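I set out to record what the coordinates say about the ligand site and the sheet. My entries follow in the sequence in which I looked things up.

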Amino acid sequence: MSELKSLEDRQAALAAIAGEVRECQQCPLYSGRTNAVPGAGRADADIMFIGEAPGYHEDQQGLPFVGASGKYLDQLLAQIGLSREQVFITNVVKCRPPGNRDPLPPEIDTCVPTYLKRQVEVIRPKLIATLGRFSMALFFPNTARISRIHGQPKRANGRIYYPLFHPAAVLRNPNLRPAMEEDFKRMLTLLAEIGDEDDPGDEPPPPPRQLSLF
Ligand code: URA
């Protein structure tokens, strides 16, 4: 993947993955979807946000984070001078679980190596921000609680992994807003610190069962 340097190459690679996602029938979630939701944003984004799974509105539109959580995510981005066009936003699983239930382990274990891992390899973000516990669990295995580790970056492979609350959790519990907003502001500092010191993305693929992408 490291030969995918140009923006055009990366856009083409992401479009190919998105095409596969839209055709995917590898887990039962495909049968209930209106649209699969591969993800959206810059193919060479420095920041990649990974949520949990599409909800109702995302399933209707085929785009990530377009409901209430997405509006809040847009606000958080705007507060640090960013728009969603400057980042890449996707989810652990690409199809809506029925009734918005949690994604099941076999669904995650199928979708992550087949699509998310490849998206990370193409985009090679400098910072992966996890939104919520399912995404956090991929990069912070064996970590108990998001409330304890949110906003605490971990560096590996020249990249920063940055656990954040899920926007929906913050909307449900407004007491979390100040922490969420502080965590967002810190992202820019972290990015400035990492600079161009390493080119992430050349890490070996993870073993499929171990839910760790590094
Ligand atoms: N919640 C998520 O985790 N992802 C979305 O795309 C929308 C809501």
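Which residues are around the ligand? I worked from a predicted model, and I listed Gly51, Glu52, Ala53, Glu58, Pro64, Phe65, Asn91 and His166 around the ligand. I took a heavy atom within 4 Å as the cut-off for this list. I then sorted the shell by residue class and noted three nonpolar, three polar and two charged residues.

For Glu52, I found a backbone N or O atom 2.8 Å from an oxygen atom of the ligand. For Ala53, I found a backbone N or O atom 3.0 Å from a nitrogen atom of the ligand. For His166, the side chain supplies the N or O atom, and I read 2.8 Å from there to an oxygen atom of the ligand. I also noted that the ligand on its own has 230 Å² of accessible area, of which the protein covers 91%. I recorded the space taken by the ligand as the largest pocket.

I then turned to the sheet. I traced six strands in an open sheet with mixed pairing, in the order β1-β3-β2-β4-β6-β5. At the edges I placed β1 (40-41) and β5 (154-156), each of which pairs on one side only.

Last, I examined how β5 is held in the pairing. I found that β5 pairs with β6 (residues 159-164) in the antiparallel sense, over three bridges. Within β6, I identified Tyr161 as the bridge partner of Lys154.

How values were computed. Residues numbered from 1 in each chain as written. Predicted model: local features only at pLDDT ≥ 70, side-chain atom pairs only at ≥ 80, totals over all residues. Heavy atoms only, no water. Pairing = 2+ DSSP bridges. Helix = DSSP H or I, 4+ residues; strand = E, 2+ residues; numbered from the N terminus. Polar contact = N/O pair within 3.5 Å; in protein donor to acceptor, adjacent residues only side chain to side chain. Areas by Shrake-Rupley, 256 points an atom, 1.4 Å probe, with all protein chains shown as cover. 1 Å grid on protein atoms, 1.4 Å probe; cavity = no way out; pocket = protein on both sides within 12 Å on 5 of 7 lines; lining within 4 Å. Sits in = over half its atoms within 2 Å of the grid points. Nonpolar A, V, L, I, M, F, W, Y, C, P; charged D, E, K, R; others polar.
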